[in-house]
Structures are given as structure tokens and as C-alpha cells.
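Here is a short report on one protein model.

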Amino acid sequence: MVDSDRFKAAETAIDAALADPALTVADRDALLFQRERMRRILIDFRLDEAEVLSRLRKAIPDLGDAEFARWKAANLIEHRVIDGRTLYFARAVPNLFRLSPEAAARRADPAPFSEGPMESPNAHHAAVVEAARETGQASVLPRRVQVTQSITVDADAVPAGETVRAWIPFPRDIPGQQQDIRLLGSIPAEATVAPEPTAQRTVYMEQVARAGEPTEFSIDYELTLLAQRHAIDPDKVVPAPATAELAAHLGERPPHIVFTPALRAFSEKFVNGETNPYRIAQKLFAAVDDIPWAGAREYSTITNISDYALHAGHADCGQQTLLLMALLRLNGIPARWQSGMVYSEGDYWNLHDWGWMYLAPYGWVPMDVTTGRFEGATADSGADLEWFYLGGLDAYRIAFNDDYGTGFVPAKQHFRSETVDSQRGEVEWDGGNLYFDQWDYDFEARILPDTARTARSND
């Protein structure tokens, strides 16, 4: 009912089910989450047509009714009809300009889209390739980075005197990728760092809310980051061995990795009889990379993210990554999740998701299908950069998560705001979860001077 936009019917069914005295705790929580999911969907889809038209006409002053109707009919202006009422996605207008070249060309001020510095081939990519060639190592160009992350809860979001609980994402040691991680301090000073093996690692803190004041949490830490370049010879790649460790990264994993008929058809279309695992991965990587990027709905509102990415006409990084993971697993190639934050030497930073796949005899190698393929790109040395992100990673990212949809240590008592990923953080109090509209987050990364020497001394 929720997925088919019949919210009133869903509410009636939930009320009836909750009245059953034999209802289990798990079923009760599942029903209550569907009620919460509807609330979150209405936060994402909160614009009426008049508001969307007003925003569009600021960018396209002479927008015609026929143009709008055509873009709407093609779902280029994302909307849902919930209980008979047409509601538009909060990011529908900026997404339209990413999805439709026609609409983008009609803007009165055709300003370029904001992109991260790693989304085009550059000197860093070339330096990674060259360093890997010179050293014969897959992990290269270490640098020491200092990071500050924070959460600020809105004033009076929690009654004064109540305890606010916050979880801020925190990296774990991954040899060859990020290492020598040191927590320098936190506000408040008392903090609990989740154990190293925690797949979605966090720093947990508590503060007492004060009337009329925001409640603030922050952490400072340092770590050494390395870029990666795995030189893969496709002719040497063979099917992955049948081991228990790799079996955990194959097959379906409902709800977000399911081998639906549509997924199988998509795979068959692009794989087209190929049997070499690396070449299969190239074909699927290119196919998913061709899905246009656009701002995403909250993941907690989507029933099956890989299927959503296959049908929505657009996808963001996590949606593309889960789709590629599902396709790789369908084809017998182990695949797993990773996500965190990307940063720059300027002001740019952003949430980002990517993954890893297993290629025998090379082992686990990274893949970032959203940063994607640099078609035809080469370095000044002549080195191929086209498939840099199929087996390589830049050093401008910090991984917080080595899996999706896993629990925190200590565990949350209430629903999570983000049920899949963990990059912004989580906040709650005894009265319930605090959703993203009740707090904000910030991130700052600074590359420390003389990082090569620092990295060597840390070794």
C-alpha cells in the first residue's frame, strides 16, 4: 500500500494490525516503521505543482505549459500521486536540469553543475598510476589527514533536561587504504568508540539538552590515507574460488539485493555471453555508469534500492553501487559495500558510496561506478585512465562503513534516520529518533604538511 501511494489505506491497515493483542514485538516495530516511512516520504515529496512551477520559472522565465507537461509525463520532474494528490520531490527542479539536456539548455543562467574534483581525470589519477608502476605496490601516495566531524541538534528539538544521544561515523583501520587512526578529542569529552571490527563504526556521545540552545557534538581525529591502483590483466582473471568467506558476498541479500526478472534481463542484455569475470565487470560497470546521476530520496523510504536504480531513470552513488553489486553477484563475482566521505584540498566534501569486488587471482579490488569511467582518458605518460575506478581509488576519501544496513555499538533504541548507510550520523533521545530535519552535520578534512614524511614515521 505504501509503495503504491495508498497511504490512507495503509494507515487503516496498520491501526487494525496494531490492535491485535497477539502481535509480536518484531511485527509491531515493522508496522510502526511503515508509518514512519510514510512520514519520511511526505518530507521528501513536499512540493505542490504551484511551488514547482514557481521554482522552475525562476530558472526558465518563459516556461511553457506544454514543456512542463511533457517533462512531467516523462517523470523528468519527479512526483508521486499520494491518495490522489500530486506531490513533487523536493529536489525535482535541480534534478530536472541534470536529467534533461533540453531543460538544462532552457535555463536563463546556465551555470555549471557542482562536481567533485575527482569526477574528471586529473593529475592525482595520473600520479597514482605512475606511483603504482614505479613501486610495484597497489597502495601508494600516503598522506596524513586531520578531520573534524560534528552534529548540531536544533534548539528545543529535545525537551530541556533530557539526554540527547548521538553517533558520529568513525573510520576503522584498513591496511593499504586507511590506517594509524587516532581520536584526538571530542565534545563532550566522554565518548565511546565502537570496536575496530564494527562494520559501521561510530563514536557515541551523550549531552543534556538545554532550553533555547542547540546541542552540539563533535570529534577530531587523524589518519593516514592511501590511493589504490591494481594493475589487472584481464587474461589472467579466473572465476572466484568457492570459499565460505567469498560465499558471504555472493547471492541475494534482501531487501536491496534481489535477483528479480528485470535484473536478470538487464544483466543478460549487457553481459551478452561474456565469461571472463573482469570483462563481465567492465560491461556491467559501463552499463550502470550510464544511468544518470540525480539527487536521491532518503534510502529508508525505498523498498529495494537496486531495483529502484534499475527503473527510476536516475540513481545516486549508493543506488548505483547496490545495483552493480547485485549484477556482479548474479554473475558469480563477489561484491561488497563501502562508503564514507570524499573531500578535496578546497571546500568541497560530500557523502559517497562505492564498493569492492573479488577478482581471482588479484583478490579484492575497489570499484566506484558513480565517479565512473573516464572514456578515452590517458595520462601524460600515456597510461590508460579510462578504467581507473574499476580496480583503483583516489586518496580523497575516508571509509566509515564496510557494509550496509548493520547495527551500531552501542545499539540505537529507536528507528534509524538512515537504515542503509551511516555517513551523517544518528541522534535520538528517550522520546524517539531525531530525523534529519531536526539536526545538521558538518565535516572538514585538512591534509597535514609533509605528509609523506609523517606517513613514513608512522610506519
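Two strands count as paired if DSSP finds at least two bridges between them. Keep that rule in mind for the sheet below. One caution comes before it: the model is predicted.

## The sheet

Strands of a sheet pair through backbone hydrogen bonds, either parallel or antiparallel. Here, 4 strands make an open sheet, and their order is S12-S11-S10-S14. The pairing is antiparallel. Which strands stand at the edges? They are S12 (363-367) and S14 (397-401). Each has a single partner strand, so one side of each is left without a neighbour in the sheet. From one strand to the next, the twist averages 35°.

Look now at the S11 and S12 pair. Strand S11 covers residues 349-359. S11 and S12 run in the antiparallel sense and share 5 bridges. A hairpin of 3 residues connects S11 to S12.

Is S12 enclosed or open to the outside? Buried means under 20% relative accessible area. By that cut-off, 5 of the 5 residues of S12 are buried, so this strand is largely enclosed by the rest of the structure. S12 is thus an edge strand in the sheet, yet it is largely enclosed.

## Gln338, a buried residue

Strand S10 contains Gln338. How buried is Gln338? Its relative accessible area is 1%, so it falls under the 20% cut-off for buried residues. The side chain of Gln338 makes a polar contact of 2.9 Å with the side chain of Trp356. Another polar contact, of 2.7 Å, joins the side chains of Gln338 and Asp402.

## Pockets and cavities

Rolling a probe the size of a water molecule over the atoms shows where empty space is left.

| Space | Volume | Lining by class |
|---|---|---|
| Largest pocket | about 1400 Å³ | 21 nonpolar, 9 polar, 19 charged residues |
| Second largest pocket | about 310 Å³ | 4 nonpolar, 7 polar, 7 charged residues |
| Largest cavity | about 50 Å³ | 2 nonpolar, 3 polar, 4 charged residues |

Start with the largest pocket, at about 1400 Å³. It is lined by 49 residues, and those closest to its centre are Arg91, Trp293, Gly295, Asp316 and Asn350. Several elements give two or more residues to this lining: helix H2 (25-44), helix H12 (317-330), strand S10 (335-343), S11 and strand S17 (439-447). Which element gives the largest share? It is S11, with 4 residues.

The second largest pocket holds about 310 Å³ of space. Of its 18 lining residues, Arg80, Arg297, Ile302, Tyr308 and Ala312 are the closest to the centre. Strand S2 (79-82) and helix H11 (305-311) each supply at least two residues of the lining. H11 gives the most, with 3 residues.

How many of 30 Å³ or more does the structure hold? There are 3.

Technical notes
Residues numbered from 1 in each chain as written. Predicted model: local features only at pLDDT ≥ 70, side-chain atom pairs only at ≥ 80, totals over all residues. Heavy atoms only, no water. Axes fitted to C-alpha atoms, helices over the stretch in contact; angles between N-to-C directions. 1 Å grid on protein atoms, 1.4 Å probe; cavity = no way out; pocket = protein on both sides within 12 Å on 5 of 7 lines; lining within 4 Å. Points joined across faces, edges and corners; volume = space filled by probe spheres on them. Nonpolar A, V, L, I, M, F, W, Y, C, P; charged D, E, K, R; others polar. Buried < 20%, exposed > 50% of the residue type's maximum accessible area, 1.4 Å probe, protein only. Polar contact = N/O pair within 3.5 Å; in protein donor to acceptor, adjacent residues only side chain to side chain.
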